[in-house]
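Here is a walk through the structure shown below. Keep the sequence at hand while reading.

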There are 2 protein chains.
Amino acid sequence: MTDRRVQGPVRIVGAGLLGVSIGLALRQKDVDVILHDSSPSTLTLAVDYGAGRRAQPGDEPDLIVVCVPPDVTAPVVAAELLAFPNALVTDVASVKLGPLTELVEMGADVSRYIGSHPMAGRERGGAASGRADIFVGRPWVIAGHDGITYRRANPVENLALDLGAVPIEMDAAEHDRSVALVSHVPQVVASLLAARLSGATDAAVSLAGAGLRDTTRIASSAPELWVQILGANAGAVAPILHALRDDLDGVIAALDAVDAPGSRRAIATALSAGNDGVARIPGKHGTAKRFAQLTILIDDRPGELARLLTEIGELGVNMEDLRLEHSPNAQIGLAEIAVLPEKEETLARELGARGWKIAGVSE
Amino acid sequence: MTDRRVQGPVRIVGAGLLGVSIGLALRQKDVDVILHDSSPSTLTLAVDYGAGRRAQPGDEPDLIVVCVPPDVTAPVVAAELLAFPNALVTDVASVKLGPLTELVEMGADVSRYIGSHPMAGRERGGAASGRADIFVGRPWVIAGHDGITYRRANPVENLALDLGAVPIEMDAAEHDRSVALVSHVPQVVASLLAARLSGATDAAVSLAGAGLRDTTRIASSAPELWVQILGANAGAVAPILHALRDDLDGVIAALDAVDAPGSRRAIATALSAGNDGVARIPGKHGTAKRFAQLTILIDDRPGELARLLTEIGELGVNMEDLRLEHSPNAQIGLAEIAVLPEKEETLARELGARGWKIAGVSE
């Protein structure tokens with residue numbers, strides 16, 4: 001096949017969700033994929049799924065992708081570097097500085113190692129959950145370092161591109177600081193916030209709206225996985241949490257003495273800083289543009305939302321985002337549609353004329 | 001008209017978003033709505049919008065709805081109680097204990113006052129943003145107290161029902177504690193988390209995924225409004241933030257000494273408490289049931305999402321929830337569809353057979 005960049009055999013070590021997904025994607029492009037797993041039954045399952053073949057004596061992989069848990073990544077990478085002295089080795093662990101430092105300390109040949117991190121979600125499950133498409137459109141960090149040349153690292157970028165991912169280069173320390181900020185700290189904060197609900201009355205949680213659901217959604221993540229991630233990236237996560245605690249102390253002090261001079265100003269400053277921060281998050285296609293929101297009532301039965309979206313399409317309006325919200329104890333849903341601000345008025349009018357109930361408009 | 005519960009004239013004081021929306025909804029049911037606002041131009045606009053008529057000498061409203069900012073709610077309610085000695089008075093402020101306490105201290109006749117709180121979102125904007133439908137399916141808290149009889153308070157429940165809302169009874173203190181937990185504390189936490197992004201590199205925010213967007217979305221709320229709300233409910237918000245800070249201190253201590261005995265267990269405990277808390281939040285129709293998630297790739301052009309949802313409807317599967325995510329720098333979207341776990345496998349297979357790319361499955 002010609003529409004691929006990866007050429008020679010790729011060896012995948014660890015046949016969990018990521019390893020199997022990478023294998024399936026490469027097999028679709030007819031790449032020779034050699035699978036290995038310390039568990040014979042896991043390996044058999046992955047081969048059965050078509051993610052690759054078993055290793056044979058004399059295999060000479062060009063590229064080795066280590067897909068094992070973060071705490072065993074460095075020793076497995078080191079063993080692969082030794083066993084295959086001509087191969088480039090990468091890994092997919094969600095922290096990057098720890099494994100690199102460990103490898104250097106072990107004296108491993110890091111001129112053939114470059115870490116990477118496909119940010120492809122963390123659906124639970126092993127080989128059986130593997131899918132060739134999970135990398136499409138997702139960022140794939142490639143963590144360059146001084147010990148490897150740009151040219152030598154190229155096969156990892158080819159791998160990311162062949163799998164449909166968006167390669168992003170940053171060094172290991174910057175990667176770890178970045179994911180601490182955009183992923184690990186939000187996980188801790190969401191968990192701490194959700195934990196406050198444990199003692200809530202049923203009446204209190206019946207008032208929960210989209211705000212609470214959004215802010216706590218990721219608090220349902222698996223603790224086993226996140227203890228490993230947070231433990232491995234403690235050095236980057238802790239400083240951000242220290243700074244957040246300082247800000248929190250400021251808000252608490254202001255609320256404890258809410259009528260004292262300066263208290264309301266301190267609260268306003270914290271809220272404004274939040275406005276500034278959220279504006280930094282890129283929206284669709286990397287833009288930070290804000291959209292107008294239209295809230296539309298829909299009957300809660302199959303097909304109603306599709307009918308709404310079909311009509312929006314017929315009106316020639318591109319929907320920039322969509323969220324659904326459900327009403328307590330009612331067979332009704334609320335669809336929040338984000339559109340370009342200049343489209344909002346026409347869309348509200350046209351949908352109203354077609355009989356849709358508009359429950360809110362905001363910019 | 002017979003399909004209404006509210007009968008006699010309703011006087012609305014304050015012609016902002018909520019006042020105008022209540023007026024529009026009551027006018028649709030042919031209720032006589034008397035509008036008042038301290039600003040003549042705001043009043044004129046609201047009357048022009050059809051939200052009601054101007055007051056006339058001799059008006060005898062049955063029910064008065066005070067829709068002014070929280071910090072002036074109590075004096076306005078007191079003035080209305082004096083001016084209309086036969087009317088029941090309610091308000092729609094988002095805190096309830098403060099106004100009630102103030103009224104009692106003022107010596108107002110609270111046997112004719114009952115506070116309420118329609119939880120109808122906080123879209124910005126005044127009269128021009130008013131819509132008759134914003135209360136449909138939303139909770140509407142009615143904050144009973146010892147000074148008023150159940151029967152006397154009945155017109156407020158009728159108002160909520162006529163507007164399509166779901167009346168929920170709780171006393172003022174319980175209301176304030178509840179909204180602190182499900183709304184005010186999440187607002188503070190989202191703002192503090194988002195504030196950490198202010199100094200982030202572009203590369204770091206380019207890695208932002210749905211988790212960060214969800215946890216920080218409400219941090220874009222208007223500081224002016226929230227300073228008032230948090231200030232008015234400081235007594236209920238502060239204790240929850242104190243408890244959250246204690247938990248945060250525990251996580252920080254564990255991360256600062258991540259290899260010390262017990263540290264990882266402390267982190268796991270915090271994450272598990274988050275699991276327990278998020279499980280308390282009611283989902284669709286008040287159930288806390290968890291759904292299976294299917295992630296499906298969609299081309300980012302008008303009509304594609306509608307086509308997907310139409311096909312899901314054709315397959316007879318009811319979608320329980322839907323979220324859209326956009327890929328960095330790519331003309332592609334990811335639709336996360338929540339369905340009953342027993343529907344997931346069939347749906348994935350059928351959609352795959354119809355050519356849709358499934359990028360992930362999880363329960």
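Chain A divides into domain 1 (10–170), domain 2 (177–278) and domain 3 (286–362), with bounds taken from an automatic or database domain assignment. The C-alpha centres of domain 2 and domain 3 of chain A are 30 Å apart. This is a predicted model, in which local features need pLDDT of at least 70, side-chain atom pairs count only at pLDDT 80 or more, and totals for chains, interfaces and linings use all residues. Residues are numbered from 1 along each chain as its sequence is written, chains are lettered from A and ligands numbered from 1 in the order in which they are written, and side-chain values use heavy atoms, with hydrogens and water left out.

Now take the two chains together. A rotation of 180° with 0.0 Å of shift along its axis places chain B on chain A, with an RMSD of 0.0 Å. The two copies are therefore related as by a two-fold rotation axis. In chain B, B:Thr215 has the C-alpha nearest the axis, at 2.0 Å. The superposition is by least squares on the C-alpha atoms of residues with pLDDT of at least 70 in both copies.

The area buried between chain B and chain A is about 11,500 Å². Buried area is the accessible area (1.4 Å probe) that two parts lose on being put together, summed over both. Carbon and sulfur atoms give 67% of this area. B:Arg196, B:Leu207 and B:Arg280 supply 7% of what chain B buries against chain A, more than any other three residues.

Charged pairs come next. Side chains of opposite charge can pair when their charged atoms come close. A salt bridge here is a side-chain nitrogen of Lys or Arg within 4 Å of a carboxyl oxygen of Asp or Glu. The rule finds eight across the interface of chain B and chain A. A:Arg245 forms a salt bridge with B:Asp249, with the closest N and O atoms 2.4 Å apart. Over all chains, the count is 32 salt bridges.
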